[in-house]
Amino acid sequence: MAYLLLVLLNIILAFSLFSWKRQICEITRQIDEDRKLRISLSNKYIEKLAGTLNEKNYLEQVTKIQIIQEKEQLKQYIANISHDIRTPLTSIQGYLVLLKGCESKEEQEHYISIIQAKADYLTELLQVFYDLSLIDREDYILEVEKLDINRIVTNCLIDKYNELKELGPIIKTENAPVWITGNTVACKRIIENLITNTIRYSNAYIEIVIDANGIFTVKNTTSELKNVDVNMLFQKFYTVDTSRSNGNTGLGLYIVKELLDKIEGGIKEVNYKNNILTISVYFKLYH
């Protein structure tokens, strides 16, 4: 009887070893074929191993897809930057040719003023790309302090007076300081970019408001955003004008979002109703 039990145990053990070997061979084959692992042998250790390998394989696949997407995005970013820089340079070169050929002093001054404007735009463009290179760095940290955001808004409105006066905007500011925790340069760039975006796309109505809660809101009428997801406006290099012919790099609102994040502010509201685009951002109040 003992002998028969021993033989039976050996048979069971041999069968188990064979099953394990067959399962391991099947797992190896599925790994080689880059397939999701499926096991036929009911064993908690093999099931756990298969689960771990499946998770690892899934993460590798996700990483590969992300790398491919990032490479394509980088190609598009380079193409966009090249286009944005090449456009004013081409204009400058063209007007220089015209300048050399004209004899009228009045005409020369006209061409020089255009060249100067294009050069100024190119300088501003390079500053935007420089800002972008800083913002996208993970180790880029902004020093924060107590600031009056109401004063910063007022100063930015004064700087934009010539552009705003013909549009007759509705402007609402506070009669007292609105103290926030922020960075002077970053806050000025945030406000400037939002005002510039409002001026660029407005076709009639503009409203600019800063309230006592540190919420800055810009509104403007525009017909360009129909069938557009307005949340995409804050994506890097996104422009409604896909030809990029209006001089917009698609970086202004992206920089706003990134700078707000670095000073613990954020986007409060973005919506488009009745041809009016509303963008509200908030700053962290100083306590």
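**View 1. Lys160 and Glu163 form a salt bridge.** In this predicted model, the closest N and O atoms of Lys160 and Glu163 are 3.7 Å apart. The two partners differ in how they meet the surroundings. Lys160 has a relative accessibility of 15%, so this lysine counts as buried, the cut-off being under 20%. Glu163, at 42%, is partly exposed.

**View 2. Glu258 pairs with Lys257 in a salt bridge.** Here the closest N and O atoms are 2.8 Å apart. Lys257 is partly exposed, with 29%.

**View 3. A salt bridge joins the side chains of Glu264 and Lys284.** The N to O distance is 3.2 Å. This pair links distant parts of the chain, with Glu264 in the loop between H7 and S6 and Lys284 in the segment after S7, 20 residues apart. Glu264 counts as exposed, at 53% relative accessibility, and Lys284 is partly exposed, at 35%.

**View 4. Lys188, Arg189 and Glu192 are linked in a network of salt bridges.** For context while you look around, a search of the whole structure finds six salt bridges.

**View 5. Helix H4 has a buried side and an exposed one.** Have a look at Ile149, Asn150, Ile152, Val153, Cys156 and Leu157, the buried residues of H4. Seen down the helix axis, these residues fall within an arc of 165°, so they line one face of H4. The face turned away from them carries the exposed residues Arg151, Ile158 and Asp159. At the N-terminal end, Asp148 caps the helix, with a side-chain oxygen 3.1 Å from the backbone nitrogen of Asn150.

**View 6. The largest nonpolar core brings together 47 residues.** Those with the most contacts inside this core are Ile149, Ile191, Leu194, Phe216, Ile279 and Phe283. At least two core residues come from each of the helices H3 (105-135), H4 (149-159), H6 (184-201) and H7 (252-262), and likewise from each of the strands S4 (206-210), S5 (215-221), S6 (266-273) and S7 (276-282). H6 gives the most, with seven residues.

**View 7. Ile279 and its contacts.** This close-up stays with one of the core residues that have the most contacts inside the core. Leaving aside neighbours within four places in sequence, Ile279 is in contact with Leu194, Asn197, Phe216, Thr217, Val218, Phe234, Leu253, Glu269 and Val270.

Terms used: Residues are numbered from 1 along each chain as its sequence is written. This is a predicted model: local features need pLDDT of at least 70, side-chain atom pairs count only at pLDDT 80 or more; totals for chains, interfaces and linings use all residues. Side-chain values use heavy atoms; hydrogens and water are left out. A nonpolar core is a set of buried Ala, Val, Leu, Ile, Met, Phe, Trp, Tyr and Cys residues joined through side-chain atoms within 4.5 Å. Buried means under 20% relative accessible area, exposed over 50%, partly exposed in between (1.4 Å probe, protein chains only). Helices (H or I, at least four residues) and strands (E, at least two) are DSSP runs, numbered from the N terminus. Contact means heavy atoms within 4.5 Å. The arc is that of the directions from the helix axis to the C-beta atoms. A polar contact is a pair of N or O atoms within 3.5 Å; within protein, one must be able to donate a hydrogen and the other to accept it, and residues adjacent in sequence count only if both atoms are side-chain atoms. A salt bridge is a side-chain nitrogen of Lys or Arg within 4 Å of a carboxyl oxygen of Asp or Glu.
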